[in-house]
Amino acid sequence: MRTLSTILWLGTKELRSFFQDWVLLGLVAYSFSLAIIAQAQSNAQELHDASLAIVDEDHSELSRRIAHAFLPPYFKPAERVEERDVERLMNVGRYTFILDIPPNFERDVLAGRSPALQVNVDATAIVQAGIGSSYAQQIITTEIGDFLSRAENGSPPLVNLAVRIGFNPNVTTAWFTSVMGIINNVTMLAIILAGAAVVREREHGTMDHLLVMPISPFEIAMSKILANALVISVAAGLSLSVVVRGLLSIPIAGSVPLFMCGVMIYLFFATAVGVFLATIARTMPQLGLLYILVAIPLNMLSGSNTPLESMPPFFRTIMQASPSTHFVSFAQAILYRGAGFDVVWPRFLAVALIGGLFLAFGLLRFRSVAAQSA
Amino acid sequence: MSAYTIRESLELLRDPIRLTFALAGTAFLMLIFGFGITTDVNSLSFAVLDRDNTFESRAYLEELRGSPYFVEQTPLKDAQDLQDRLKSGKVTATIEIPPGFGRDIKRGRPTEVAAWIDGAMPFRAETIHGYLQGVHQQFLADPAIRGNGAADAPPSPADIEIRFRYNQDFDSIYAMVPSQIAMQLALIPAILMALAIVREKELGSIVNLYVTPVTRLEFLLGKQIPYVAVATINFAVMLLMSAFIFHVPLKGSFLALALGSLIYVAATTGYGMVVSAFTKTQIAALFGTAILTVLPATMFAGMLTPVSSLTGIGVVLGRLFPMTYFLPVSVGALTKGLDFTDLSGHLLALAAFVPALTLLSLLLLRAQEK
């Protein structure tokens with residue numbers, strides 16, 4: 001009981017020092033509002049406004065039709081360029097796609113000679129190049145098909161492929177990036193705030209003050225973990241309900257309370273990582289470096305940015321041990337696919353178990369390091 | 001100024017943890033991200049619901065199984081199973097073949113295959129969509145199917161050649177490794193720089209600056225030089241790693257790349273300097289630099305999406321971030337094999353950042369003391 005009240009009081013102290021730093025407060029607000037909106041608007045992972053140019057050496061009706069078939073929002077209107085400029089334009093990265101329609105293309109198509117049409121793709125713009133080239137192929141095929149069927153009454157293909165995209169029918173990237181932005185922020189903030197709270201005490205020498213008081217290192221560490229976890233869960237909850245749902249009007253399929261439960265479980269892990277790192281680092285610059293080495297891989301490889309399946313098997317196995325992977329996975333299941341507790345409980349359990357282990361480890365280390373310096 | 005440089009260098013050298021992490025850390029991250037971040041979409045799990053089970057339906061599924069991108073899971077039992085497995089994320093795509101599929105093909109009646117794709121990750125969904133279309137076209141072109149249906153099908157009207165320039169196999173490592181060099185040179189130098197300055201403020205040793213006849217410019221530049229030096233070593237290490245570990249050799253101008261990266265690290269440390277000028281505590285500086293660099297670096301600088309396709313606030317954030325201009329240099333020199341003149345435009349834009357950022361942090365530092 002006494003421990004609880006001590007933790008509570010130390011926690012309020014922690015919160016006070018947090019609210020006194022206006023710049024820090026502003027940065028947290030920014031990262032959960034404006035930064036989320038910016039990510040939602042960025043269309044970072046879909047084909048959007050891809051730049052396209054056409055070398056039209058045919059000047060026929062068909063070539064004009066193909067040029068006009070590339071439409072926004074996927075492609076910018078096609079610009080005409082000369083053949084001799086292709087090399088240079090590709091080099092400076094002016095266009096991601098350059099189509100080359102050879103002379104007599106229409107005539108050869110009509111005569112059934114199957115002429116070649118070249119699509120040059122800047123393969124260094126990987127996401128766009130991949131999706132865009134299959135779009136381009138389809139657009140051109142359809143356009144030629146239409147042209148031919150008008151000319152000679154061709155028949156439609158025998159088997160049709162009806163593709164439906166589940167949970168996000170229009171494949172809107174904002175749905176994905178906004179929520180993943182919140183998730184990345186949670187990891188980042190939790191580690192920095194909790195870690196920095198410990199290191200600051202040490203650098204200012206106030207850690208000694210705390211240690212000579214009749215309170216245990218366990219209470220100190222727990223108060224920091226709880227206070228910072230509280231700040232972050234409030235920020236994440238507000239961000240999800242006000243920014244994502246309200247301002248960006250992104251529908252959330254599943255239960256927000258369930259997701260917030262998951263966030264809190266996860267926060268125990270993330271703040272414990274912060275405290276643990278703080279026991280290794282003696283100064284803030286050291287903590288900054290450690291943070292980068294730990295937090296950024298946790299985020300970037302968790303599946304919140306790039307698909308998990310495509311990573312080398314070795315990494316995939318390691319990342320299964322990271323709660324951030326499970327966090328991303330249950331967040332996607334709850335928020336996009338509307339999964340209930342019956343589906344996500346193994347993930348919750350995994351986060352709780354690994355998080356609990358880490359918490360115990362962090363606290364243990366904190367105690368021994370604190371004892372040394374005292 | 002040189003006094004400050006020496007002092008800061010000494011501080012750095014006497015802090016083995018910081019120095020080791022600053023040097024080895026970038027190499028470590030490069031290793032992880034170079035292999036770990038990939039936008040190649042493969043090993044996708046799919047499951048089928050074959051309600052027909054005839055020669056034709058099996059032929060269709062064979063096409064899918066033959067594709068290197070897909071890994072098959074146990075077949076689906078029914079429509080409920082399909083929804084459940086999609087929901088839990090155990091499969092990312094499902095294929096359903098209707099009853100009477102084979103019969104309809106034989107009689108020449110149009111029929112339809114239904115595919116569901118998990119849209120939780122939009123870019124992956126789009127890519128799967130493209131793959132499925134490709135498999136579908138292959139099936140349509142299969143002579144065994146055609147022979148049964150319409151008699152002599154005409155040859156395809158045109159041959160669409162997709163040429164992936166600079167990266168024939170379309171392997172994301174060739175774009176990712178140069179991007180990682182750009183990203184690593186943005187993160188760690190900026191954070192170290194910001195902390196180096198705010199540290200003095202928080203611990204009070206900045207008073208030395210106020211009481212000695214050192215100008216602010218000398219103070220800032222003196223602090224910056226050691227970090228530029230560290231970052232330059234990082235660059236050299238990463239360049240070697242890209243050639244020998246990732247087998248992404250330098251194809252273009254070394255001079256342009258080296259010069260570019262020197263200007264670039266001067267700019268990214270400058271970026272950290274600006275952040276440090278308006279923060280008072282190290283926590284705020286650490287967090288501020290982290291969110292102000294990580295987000296633009298991963299999202300808005302052109303690493304995954306060309307900057308020309310961005311919309312909204314992202315454009316502004318991207319344009320104001322030095323990495324946006326270094327990325328074309330790094331990718332251009334390493335993967336595209338460009339020479340100095342091709343890259344000079346980007347180099348000039350990059351160079352403009354250095355005085356601009358220095359001036360800005362000078363003004364902010366001055367404003368602070370009043």
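In the predicted model, helix α8 of chain A comprises 32 residues (173-204) and reaches 45 Å from its first C-alpha to its last, close to the 46 Å expected at 1.5 Å a residue. Of these 32 residues, 28 are buried, so α8(A) is largely enclosed by the rest of the structure. The helix is followed by Gly205(A), whose phi is positive, near 80°.

Chain A is divided into two domains: domain 1 is made up of 2-43 + 172-373, and domain 2 covers 52-152. The centres of these domains of chain A, taken over C-alpha atoms, are separated by 48 Å.

An open sheet of five strands, with mixed pairing, is arranged in the order β2(A)-β1(A)-β3(A)-β4(A)-β5(B). Its edge strands are β2 (79-80) of chain A and β5 (159-165) of chain B, each of which pairs on one side only. Within chain A, strands β1 (residues 52-56) and β3 (residues 97-101) run parallel and are joined by five bridges; Asp56(A) stands opposite Ile101(A) in β3(A).

Strand pairing also links β5 (residues 159-166) of chain A to β4 (residues 111-118) of chain B, where eight bridges join the two parallel strands. Here Leu161(A) has Val113(B) in β4(B) as its bridge partner.

The contact between the chains takes 103 residues from chain A and 110 residues from chain B. On the side of chain A that touches chain B, helix α7 (residues 126-152) of chain A contributes the largest share, 14 residues. The residues of this side of chain A divide into 59 nonpolar, 36 polar and eight charged.

Conventions: Residues are numbered from 1 along each chain as its sequence is written. Chains are lettered from A and ligands numbered from 1 in the order in which they are written. This is a predicted model: local features need pLDDT of at least 70, side-chain atom pairs count only at pLDDT 80 or more; totals for chains, interfaces and linings use all residues. Helices (H or I, at least four residues) and strands (E, at least two) are DSSP runs, numbered from the N terminus. The expected span of a helix is 1.5 Å times one less than its number of residues. A residue is buried if 20 or more other C-beta atoms lie within 10 Å of its own, exposed if 12 or fewer, and partly exposed in between; C-beta atoms are placed from the backbone. Domain bounds come from an automatic or database domain assignment. Two strands pair if DSSP finds at least two bridges between them. Two residues are in contact if their C-beta atoms, placed from the backbone, lie within 7 Å. Ala, Val, Leu, Ile, Met, Phe, Trp, Tyr, Cys and Pro count as nonpolar, Asp, Glu, Lys and Arg as charged, and the others, Gly among them, as polar.
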